[in-house]
Amino acid sequence: TVSGEVPEEPVVSKKSGLLYEKRLIERQIADYGKCPVTGDPLTMDDIVPVKTGKIVKPKSLTAASIPGMLGMFQNEWDALMLSNFALEQQLHTARQELSHALYQHDAACRVIARLKKERDEARSLLAQAERQAPLPASAATANVSALSNGKRVSEDGDMGPGSKQMCPGVSESIIAELTECNAALSQQRKKHQIPPTLAPVDALERYTQLSSHPLHKTNKPGISSIDINLSKAGHSYLWMLHVVDLIFSSKIKEMGNRSVSNKDIVATGGIDSSAVLFDQTSGVILSTLSGHSKKVTSVKFVAPSNVILSGSADKTLRIWQGSEDGNCDCRHILKDHTAEVQAITVHATNNYFVTASLDSTWCFYDLSSGLCLTQVEDPSNSMGYTSAAFHPDGLILGTGTTEATVRIWDVKSQGNVANFDGHTGSITAISFSENGYFLATAAHDGVKLWDLRKLKNFRSFELYDQDTPTNSVDFDHSGSYLAIAGSDVRVYQVGSVKAEWNCIKTLPDLSGTGRATCVKFGSDAKYLAVGSMDRNLRIFGLPEGDASMES
């Protein structure tokens, strides 16, 4: 060609067959009228266009040499770097926007938490105002004026951590209610029979781990407390009070049996400062109760009112109200103790409960209002209480101390009526038998059984070595079995003062920590719920095939 380059619009001469760039040959013919190569006369009629592909264009001459290719590669690399830099800028901008959005979300969560706290305080103030409304003016003046989060405050503000609140005391009407409950339960206990649905001994001998559920956080593992919502126990007093005629006893029993058909809900208190509600039947976590700032030391159900109580090492107790959708709202935060709340026990009426603390006091509360009716101090107990439990009849309270002593109290007079000595180390757990005669206490040195009729120790179990304390004891609801937790879990068949208490099953601690912290019997002793120093709740019972044959 004339230009020496690949033509963009190639044309060919009919006469000479030479290839030209169209624009160049048109100018040549217009100026000279002949072929620039051969010199022969040439017109535009002698020119024929050549068709070429538009998709793939011929490479330039620079791409035909190594220096040209290097230059082309350099240009492409520069373009790629510029594109990558633009993408990096966009990524940096997106990260900044995401960080800002997360900060706004965190701030919104904090505001919501503060508003919930203020809402709970307002509800407590409203409840206290409603309770105080019918009081005469003199009584209202003598008493404190408001209640904030379950703790009394004066008109000028908080009374301060060193101040003592004024408790109204246990009234005559409450004592009458407790006495009526005691009479009904005592009368019913005389007719007490082992339920036919109770798991037999040979079934417990075949118990094995059925499931393990990681309920608590991995950074602070450990389950410190377990309770099971056995509706039977919660409804017992309510329908017992109506047993006034033997004619209706069968119908009442039928109603009671229908009421206990609810699913078993397990509550666990964790070292991670939360409590978890778990449906043992379906294996689903129903709710996580967050709010305590330190480990949850005790959890208890109040079945009829769908209420959960949680005590913590942060010196507070919280009253949670459950709802149909499974959520729980904190109704009261009680701050009457000045040290760790170690134990909670609910009275058989389900209207009152007691908390025991390391501040050497136990408090008697009204459940509906969250009001501390009385706070009982023990001057002889310098280190505090570690455990507490109501006697099944409700007029006796047992408390364990850090000084290896078990104290028995008359609930009506709040007087110390008996003391059980003999343990070594802190009392870790206490449990009354359903028959009302036996008390099991656990401490560092093992388990002791006490006869409440003669106020004496009649049997001791030294199960573990000196470095392994016994952490938990629990009678099943029928009073037929006793479970003990330490480096493993052992189940005993309940005997009598003279008859042997035989160990019928030993369940190993499968957590790998060597420490089972709490144990609780399920409905009719059909399963055992065990907590350990890992974050898992373990369920022991009959395998599915054996359970079907058993039923």
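Let me begin with a hairpin: strands β20 and β21 form it, with five residues between them, where strands are DSSP runs of E with at least two residues, helices are runs of H or I with at least four, and both are numbered from the N terminus. In the turn, G394 has a positive phi of about 90 degrees. The two strands pair in the antiparallel sense over five bridges; two strands count as paired if DSSP finds at least two bridges between them. Within this pairing, A389 stands opposite G398 in β21.

How many residues of strand β20 are buried? Six of the six, residues 385–390, so the strand is largely enclosed by the rest of the structure. Buried here means under 20% relative accessible area, exposed means over 50%, and partly exposed lies in between, with a 1.4 Å probe and protein chains only.

A word on provenance. This is a predicted model, in which local features need pLDDT of at least 70, side-chain atom pairs count only at pLDDT 80 or more, and totals for chains, interfaces and linings use all residues. Residues are numbered from 1 along each chain as its sequence is written, and side-chain values use heavy atoms, with hydrogens and water left out.

A404 lies between β21 (396–401) and β22 (406–410), and its phi is near 70 degrees, a positive value in a residue other than glycine. Most residues other than glycine have a negative phi. Is A404 buried or exposed? A404 is buried, at a relative accessible area of 10%.

With 41% relative accessibility, K315 counts as partly exposed.

A further loop residue is L455, located between β26 (446–451) and β27 (456–461). L455 is partly exposed, at 47% relative accessibility. Leaving aside neighbours within four places in sequence, L455 is in contact with A418 and F420, contact meaning heavy atoms within 4.5 Å. From C-alpha to C-alpha, L455 and L439 are 9.8 Å apart in space, and 16 residues separate them in sequence.

Now to a sheet. Four strands form an open sheet in the order β8-β9-β10-β11, with antiparallel pairing. Which strands stand at the edges? They are β8 (223–228) and β11 (284–290), each with a single partner strand, so one side of each is left without a neighbour in the sheet. From one strand to the next, the twist averages 20 degrees, with axes taken as lines fitted to C-alpha atoms and angles running from 0 to 180 degrees between N-to-C directions. β8 pairs with β9 (residues 265–270) in the antiparallel sense over five bridges, and I228 stands opposite V266 in β9.

Finally, the chain as a whole. Its secondary structure comes to eight helices and 34 strands, and buried residues make up 46% of its 551 residues. The chain exposes about 28500 Å², of which carbon and sulfur atoms supply 54%; the areas come from the Shrake-Rupley method with a 1.4 Å probe. Of the contacts between residues at least 6 apart in sequence, 50% join residues at least 24 apart.
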